[in-house]
Each structure stands twice: as C-alpha cells, then as structure tokens.
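Thanks for coming. I'll walk through one protein today, starting with the overall fold and then going to a few residues. Please have the structure open as I talk.

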Amino acid sequence: MFQDTQDNGTASVKSTEQAIMDAAEEVFLEKGYNLATTVLIAKKAGVTHAMLHYYFRTKEHIFMKVLEKILRELMQSFRPVMSKGEPFWETLEKGISTHFDFFAEHPRFATFLYDTIMHNPELVARLKENVFPVLHKIYDFHIGMIREEMDRGRINEVDPMQLIADIVTLNLSTYLLLPVAGRMFQNAGDPAPVPDETTLKGILENRKAEIIALIRYRLYGKIQ
C-alpha cells in the first residue's frame, strides 16, 4: 500500500512538472522571454504561483529547462542521420531536411531564440552553455563529412563552414520571414492572412526542395 501511495505521489509530481513545462514552452514562444511571466505560466498550467516556484525557482530557471527540452528534441532528430553511415549526399540531404523539419515542428522557435539573444544579453552566456554543445556535435559531424568528400575530389571546392552557414541561414530565414510575409500582404487594419494547413505544408515542402537543390548545385554543379 505504501509503495502504491509513493508511486502515485511521484506520478503526481511528474504530471505537475510536465504541465508547467508545457505551459511555459507555449507562453515563452508566444510572448517572448521579456513578456512571459511566471504568473501567466502558472495560470496556463492550472497551478498556483507558489507551486510553480516550488518546482522552478525563477523565470530564467524554467526558461533554461524549456530550452534544454527543445535542444534534446533537436539532437534526437539528428541521431538517425548521424548514425546510419549512408553515402555523403544522402546523409547531407537528410541533415538539411531534418534541420528544416525541426523548425516546421517548432515554427516559433527561430524568432523566439533570435529575440531572446537580441534583447536579453544577460542570458547569452547561459545560452552558449546550453546551445553550443548540442550544435557543435551536429556541426562537427557535417563539417568532417564535407571535408572528407572534398578531399576525395567528389564535390566542388567549398568552405565547409560557409556551406553549413548557407544551410542554416536558408532554413532559418524561411521561418523568420513567414510572419513578415503574412503582414506584407495584409490590408491595413486586417489580421495577417493565415494559409490553411495544406497550403502552408505545400509552401514549406517546396521551399525545402529549393534549398536542397541550391546546396546540391553548389556541391556538384559547375561554378563559374
């Protein structure tokens, strides 16, 4: 009987923590770091403000936990790409696609991260501690793969770091510009047009295919 009670208590704690984490992720991505408050997060999670602070001491604490969760998801999405040992182009193409699809799954993450870095310099050091190690694992894997293929004379001479920068900026810019594009075509005073899910999916799939084609041409096409 005691074990059952203990298990129920542990499950309750995990459930409350998860509710707070889910609410925090939604509030941070919707409001941005500065406008998000622990009061809003507690309300959305359905817990008291005191209970939220029992589990997470400060707004920065819960922010870093949310960021760590998203980065774990990013790393997990890349593990199959980095472990199959497939030919160079198939691996790189899947890497580009995986990176693009990650932002499709987290469409507000790009603007949120940019906004946080630009307007919260006090968090930059913490972001480096949490973000850079994950990104370096992915970055180093792809840099090594590109250099090896180039050394074998199978692709055009490129600066691997610039190529990775091209991939990242092309993918990121898609999601950074989506809200801007919507506002550009709206009438004054009207809400920004929101394409239906099928239309948006088609737009994003076409954009992803275009990015992959550009990178493939850079590696295999004739460069003047």
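The protein has nine helices and zero strands. What you have on screen is a predicted model. Reading from the N terminus, the order of elements is α-α-α-α-α-α-α-α-α. The protein has 224 residues, and 36% of them are buried.

How far apart in sequence are the residues that touch? If we take contacts between residues at least 6 apart in sequence, 69% of them join residues at least 24 apart.

Next, the inside. In soluble globular proteins, nonpolar side chains tend to be buried together. Here the largest nonpolar core has 58 residues. Those with the most contacts inside it are Ile20, Phe28, Ile41, Leu92, Phe109 and Leu219. Which helix gives the largest share of this core? That is helix α4, residues 59-83, with 11 residues.

Let me take Phe28 from that list. Setting aside neighbours within four places in sequence, Phe28 is in contact with Tyr33, Ala36, Ile41, Lys59, Ile62, Phe63, Val66 and Phe112. Phe28 and Tyr33 are both buried.

On to the rings. The structure holds 12 aromatic pairs. Phe28 and Tyr33 form one of them, and the pair is stacked, at 6.0 Å centre to centre with 5 degrees between the planes. Tyr33 also has a charge over its ring: the charged end of Lys59 sits there, 4.3 Å from the ring centre.

Now compare a second pair, Phe102 and Phe103. Why is this pair edge-to-face? The ring centres are 5.4 Å apart and the planes are at 80 degrees, so the pair counts as edge-to-face, the cut-off being over 60 degrees. Phe102 and Phe103 are both buried. They also belong to an aromatic cluster, together with Phe100, Phe109 and Tyr175.

Phe102 and Phe103 bring us to helix α5, where both are among the buried residues. Others buried in α5 include Phe88, Trp89, Leu92, Gly95, Ile96, His99 and Phe100. As a check on the helix, α5 covers residues 88-105, which is 18 residues, and at 1.5 Å a residue it should span 26 Å. Its end C-alpha atoms are 26 Å apart, so the two values agree.

Leu204 is in α9, residues 197-220. Leaving out residues within four places in sequence, Leu204 is in contact with Phe100, Thr174, Tyr175 and Leu178. Leu204 and Leu178 are 26 residues apart along the chain, and their C-alpha atoms are separated by 10.0 Å. Is Leu204 buried or exposed? Its relative accessible area is 12%, so Leu204 is buried, given that buried means under 20%.

Asn120 lies between α6, residues 109-119, and α7, residues 124-151. Asn120 has a relative accessible area of 2%, so this loop residue is buried too. What does Asn120 touch? Not counting residues up to four places away in sequence, Asn120 touches Tyr33, Asn34 and Asp115. Tyr33 is the residue that stacks with Phe28, which returns us to the core we began with.

Terms used:
Residues are numbered from 1 along each chain as its sequence is written. This is a predicted model: local features need pLDDT of at least 70, side-chain atom pairs count only at pLDDT 80 or more; totals for chains, interfaces and linings use all residues. Side-chain values use heavy atoms; hydrogens and water are left out. A nonpolar core is a set of buried Ala, Val, Leu, Ile, Met, Phe, Trp, Tyr and Cys residues joined through side-chain atoms within 4.5 Å. Buried means under 20% relative accessible area, exposed over 50%, partly exposed in between (1.4 Å probe, protein chains only). Helices (H or I, at least four residues) and strands (E, at least two) are DSSP runs, numbered from the N terminus. Contact means heavy atoms within 4.5 Å. The expected span of a helix is 1.5 Å times one less than its number of residues. Rings of Phe, Tyr and Trp (its six-membered ring) pair if their centres lie within 6.5 Å; planes under 30 degrees apart count as stacked, over 60 as edge-to-face and the rest as tilted. A charge sits over a ring if NZ of Lys or CZ of Arg is within 6 Å of the ring centre and within 35 degrees of the ring normal.
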